[in-house]
There are 2 protein chains.
Amino acid sequence: MPRRFSASEYIDGILAGNRVLLSRAITLVESTLPSDQALAQQVLDAVLPHAGRSVRVGITGVPGVGKSTFIEALGLHLVRERGHHLAVLAVDPTSQRSGGSILGDKTRMNELAAHPRAFIRPSPAGRSLGGVTRSTREALVLCEAAGHDVIFVETVGVGQSETAVHGMVDFFLLLMLAGAGDELQGIKKGIMEMADAITITKADGGNELAARRARAEYQNALHLFPLAPSQWSPEVTISSALTGQGVPEVWQVLEKYVAQTQENGYFAQRRQEQNLHWLHETIRQSLEAQFYARPAVRERLAAVEQAVREGRQSAFGAAGELLEL
Amino acid sequence: MPRRFSASEYIDGILAGNRVLLSRAITLVESTLPSDQALAQQVLDAVLPHAGRSVRVGITGVPGVGKSTFIEALGLHLVRERGHHLAVLAVDPTSQRSGGSILGDKTRMNELAAHPRAFIRPSPAGRSLGGVTRSTREALVLCEAAGHDVIFVETVGVGQSETAVHGMVDFFLLLMLAGAGDELQGIKKGIMEMADAITITKADGGNELAARRARAEYQNALHLFPLAPSQWSPEVTISSALTGQGVPEVWQVLEKYVAQTQENGYFAQRRQEQNLHWLHETIRQSLEAQFYARPAVRERLAAVEQAVREGRQSAFGAAGELLEL
């Protein structure tokens, strides 16, 4: 383990846009050591006034949809053509530091990773969803304080992570494949209804016609959904990371969304609600962690769970029994 | 307040199908008095082995969709034509004992309420969503133990209650109006994706053509959704509580669902998961209730929430501050 920096070294480094110190500070927020956590909290509180000035974009889609290549294509467009400073984070509770996690294999985003205005960070390994979510949200704040004005939060589209990511971003983009059949079955229920935009990927060559057809179908289906509190109607586009066609259009949809929701006040309101939500969520996680770590609870839990699962004991009676321990 | 019965009077009464004692036992589980809660727990644990043998059906739809008349029509079909014992419960955290809650005005289900095999119970008043959900789930167990083999849990389709109800039922039915425009805007995002069946209501007279068109549209839209873990494809029907047309068909869809999910094991598996979920949910609610009731927390909470909402303090720092109090 390299030497720890002091709080002011981290803070000054981050605010100066120093990538090494940003990276090390993220390692700090990912650490479960109490002393690291205390230092991380000091750094976070100091840089907080400099955070918040970015567009936060959640991006999801099942494996095989071409997420990495799409993110690289859109990311390169943003850093090269539009001068944005981009940070790409990931929420993937299943990832292992050594394994094949999204973003773990940075070679899949070779060009983007090498760009001076791009910062790519894989999902923290070996943590629960709650842990990953928490440290990703803190990493997001650090990246903003370091001057990144666009944050992508990538997730894998097959689990609970999407709801967590939806709760920390301004805009949620869903990548889908043409051929509305078996390929889509991997996307979990509820994810489609969270999308502010859908882009049908791999719309090139012989695939393009099917992609256009899929766009029409999804656009119709989305019209049946109720209007979101943002008053925004989700848009469906087609794009190809291979040819680059349709990639800038996805960003135009996002800019339209941001303009509209900043105008009607929803953008700021949603951020406030997210902040408040995270306060109560953090409290809940801490209370539960403390409770389930009690030795008496750990000893009885498995037997009580089994009795409740099989209907031999009521959930309420069993909860009371554990709470009294 | 009428006199309290003893635990064995409640238990014997419920198991004998005595409606007065069933009703009084539900009042007991709704009570927030510690002595009532202890007695309720005794009764619940004793009748639990006799519960569980019913089909639990969540029914939702926005105000104006004709929920009460539909429930009465379907309910009368079940008790008159098919010999079922039906209990209708409601989850409506906004209801007031005196106000116009769903089911509060029983006159809207006159005929059903008068039938000897039907039992109708309004939503408990003046409670939080967590409180209403808990007591409704306990009431459901009592109704089953009293011999009701079909339980409807009604909810109002505009808030968070639907997720809670979805977590306590086997089958979720969404009522919708034809005219996929403004009328639907009241349904919250995510509810459509929870539906195992949709019925387009008021499909009579001049409305029938529009209803048929809406059915086709929703059926197409639902096909774009991923297949649920139940392997069930949601079905869309049209119905009229006025003419009775299409009402028995809704029940046929449900019976097909039950047969399929009992066959593939999902029905039992889902009930086990729901039991386990309720155990952890009950623990969470108790931990949070205890925490937020602490005088020191109550004193600081509003100021901390305001600072977090405005981004002056990080959610994590603020949570730490409150947890240390």
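**R300(B), with a relative accessibility of 33%, is partly exposed.** Here partly exposed lies between buried, under 20% relative accessible area, and exposed, over 50% (1.4 Å probe, protein chains only). The structure is a predicted model, in which local features need pLDDT of at least 70, side-chain atom pairs count only at pLDDT 80 or more, and totals for chains, interfaces and linings use all residues. E321(B) is likewise partly exposed, its relative accessible area being 27%. A salt bridge, meaning a side-chain nitrogen of Lys or Arg within 4 Å of a carboxyl oxygen of Asp or Glu, joins R300(B) and E321(B) at an N to O distance of 2.8 Å. Because R300(B) belongs to helix α12 (residues 295-309) of chain B and E321(B) to helix α13 (residues 315-324) of chain B, this pair ties together parts 21 residues apart in sequence. Helices (H or I, at least four residues) and strands (E, at least two) are DSSP runs, numbered from the N terminus.

**E281(A), R284(A) and E288(A) form one network through salt bridges that share partners.** Across all chains, a search of the whole structure finds 24 salt bridges. Residues are numbered from 1 along each chain as its sequence is written, chains are lettered from A and ligands numbered from 1 in the order in which they are written, and side-chain values use heavy atoms, with hydrogens and water left out.

**R134(A) and E138(A) pair within helix α6 (residues 129-145) of chain A.** The two residues are four positions apart, about one turn of the helix. Their closest N and O atoms are separated by 3.5 Å, in a salt bridge. R134(A) is partly exposed at 24% relative accessible area, whereas E138(A) is buried at 2%.

**K256(A) and E235(A) meet in a salt bridge, with 2.5 Å from N to O.** The pair links distant parts of the chain, 21 residues apart: K256(A) lies in helix α10 (residues 247-263) of chain A and E235(A) in strand β7 (residues 235-238) of chain A. K256(A) is partly exposed, at 44% relative accessibility. E235(A) is also partly exposed, at 22%.

**Chain A superposes on chain B by a rotation of 180° with 0.0 Å of shift along its axis (RMSD 0.1 Å).** The two copies are therefore related as by a two-fold rotation axis. In chain A, the C-alpha of A221(A) is the nearest to this axis, at 2.5 Å. The superposition is by least squares on the C-alpha atoms of residues with pLDDT of at least 70 in both copies.
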